[in-house]
Amino acid sequence: MSVLSLMVVGAMLVLPMAGPALAHDSLVGSDPSEGEVVEEAPDRAVLTFSGRLIDIAPQTILSRDGEQVDTAPAQIDGYDLITDLPELAGGDYRLAYSVVSSDGHRIEGAVDFTVAGADTTPTRTSPPGDDATDSAAGEGPDSSATADGQSTSVTIIRWTGIIVVILGVSVIITRYLRRR
């Protein structure tokens, strides 16, 4: 058997195991939806995911023009992440989220929406230096996340690991066959 044949056999053994690890749950819908312009300010935001969410420290952060807007703590209901919203003035908003999906992986991202209206002053915002803002800054949703919530560096590390395992298995099989 040639080294190339062994590498192909090794890849066929390892790659099927990588599929489920890469098939994470993802955001499948939201109300308000991504990019939506709503005439009336919503009283809550509902984010729907492809798998049942695990109730481990769900987070949502609502912001307008970089200023955090106070919301009630996020609640999980099956596949939905629900956040009660305060009275919102007209303007552009971003609802960043961070949840744990059914496969145990954290999903992070954001949904942008606009509230139509002349008043552009949010009713309640967190003051600068607020503990909630400071603690969320290092742990909150990462804008460099891909659509499925995985950062680019995690994806690169994962695929590098898969390649290293395939090459390692190929070397072991080659050495074993040479000794025979």
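In which sense do β1 and strand β3 (residues 44-49) pair, and over how many bridges? The two strands pair in the antiparallel sense over 4 bridges, where pairing requires that DSSP find at least two bridges between two strands. This is a predicted model, in which local features need pLDDT of at least 70, side-chain atom pairs count only at pLDDT 80 or more, and totals for chains, interfaces and linings use all residues. Residues are numbered from 1 along each chain as its sequence is written, and side-chain values use heavy atoms, with hydrogens and water left out.

**Overall chain**
- The protein chain contains 3 helices and 9 strands, taken as DSSP runs (helices H or I, at least four residues; strands E, at least two) numbered from the N terminus.
- From the N terminus on, the elements run α-β-β-β-β-β-β-β-β-β-α-α.
- Of the 180 residues, 34% are buried, that is, under 20% relative accessible area with a 1.4 Å probe, protein chains only.
- Among contacts (heavy atoms within 4.5 Å) with a separation of 6 or more, 68% join residues 24 or more positions apart.

**Open sheet**
- An open sheet is formed by 4 strands in the order β1-β3-β7-β6, with antiparallel pairing.
- Its edge strands, β1 (27-31) and β6 (75-77), each pair on one side only.
- Ser30 has Leu47 in β3 as its bridge partner.

**Ser63**
- Ser63 lies in strand β4 (residues 54-64).
- The residue counts as buried because its relative accessible area is 18%.
- Beyond neighbours within four places in sequence, Ser63 contacts Gln68, Val69, Asp92, Tyr93 and Arg94.

Definitions and conventions:
Buried < 20%, exposed > 50% of the residue type's maximum accessible area, 1.4 Å probe, protein only.
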